[in-house]
Amino acid sequence: MSSGFGLVVRFELHDEAAAEGFDELVSRTLPGIKAQEPGTLAYVVHAVPDEPNVRVFYELYADRAAFDAHEQQPHTKHFLAEREQYVSGLQVTFLQAQAGKGPVTP
């Protein structure tokens, strides 16, 4: 098996109202990811205790091609366009698996 392609994305949101709007946007996006992206192995959205206006995504794809396919999906393009109204800061960290337990560990 491949080692997968992963990333962590930290979103800083403008305020509580932006966080609520962002969460709603995420809830409308997830069904498309679940139904139409077999190469998306994990797509987990986290709230951060003590930071109510922060969300962290953990994304794991079978390979880079699966990530690229995710980025081209209509639901993802809609999310990327709409998120801007809620986001005040964004940090993306790309990951390379070295060891662990799971379907795509080296």
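This report describes helix packing, salt bridges and a surface patch in a predicted model.

Local features need pLDDT of at least 70 and side-chain atom pairs count only at pLDDT 80 or more, while totals for chains, interfaces and linings use all residues. Residues are numbered from 1 along each chain as its sequence is written, and side-chain values use heavy atoms, with hydrogens and water left out.

The axes of helix α1 (residues 16–36) and helix α3 (residues 74–82) come within 9 Å and cross at roughly 160°, the helices being DSSP runs (H or I, at least four residues) numbered from the N terminus and the axes being lines fitted to C-alpha atoms over the stretch in contact, with angles from 0 to 180 degrees between N-to-C directions. The two helices are therefore roughly antiparallel, a term for angles over 145 degrees.

The structure holds 6 salt bridges, each a side-chain nitrogen of Lys or Arg within 4 Å of a carboxyl oxygen of Asp or Glu; three of them are among the following.

| Salt bridge | N to O distance |
|---|---|
| E24 and R28 | 3.5 Å |
| R64 and D68 | 3.0 Å |
| R83 and E84 | 3.1 Å |

Salt bridges that share partners also join R10, E12 and E51 into one network. E24 and R28 both lie in helix α1, 4 residues apart, about one turn of the helix. R83 counts as buried at 14% relative accessibility, whereas E84 is partly exposed at 47% (buried is under 20%, exposed over 50%, partly exposed in between, with a 1.4 Å probe and protein chains only).

Y58, in strand β3 (residues 51–61), is partly exposed, with a relative accessible area of 31%.

Methods: Angles under 35 degrees count as roughly parallel, over 145 as roughly antiparallel, 65 to 115 as roughly perpendicular and the rest as oblique.
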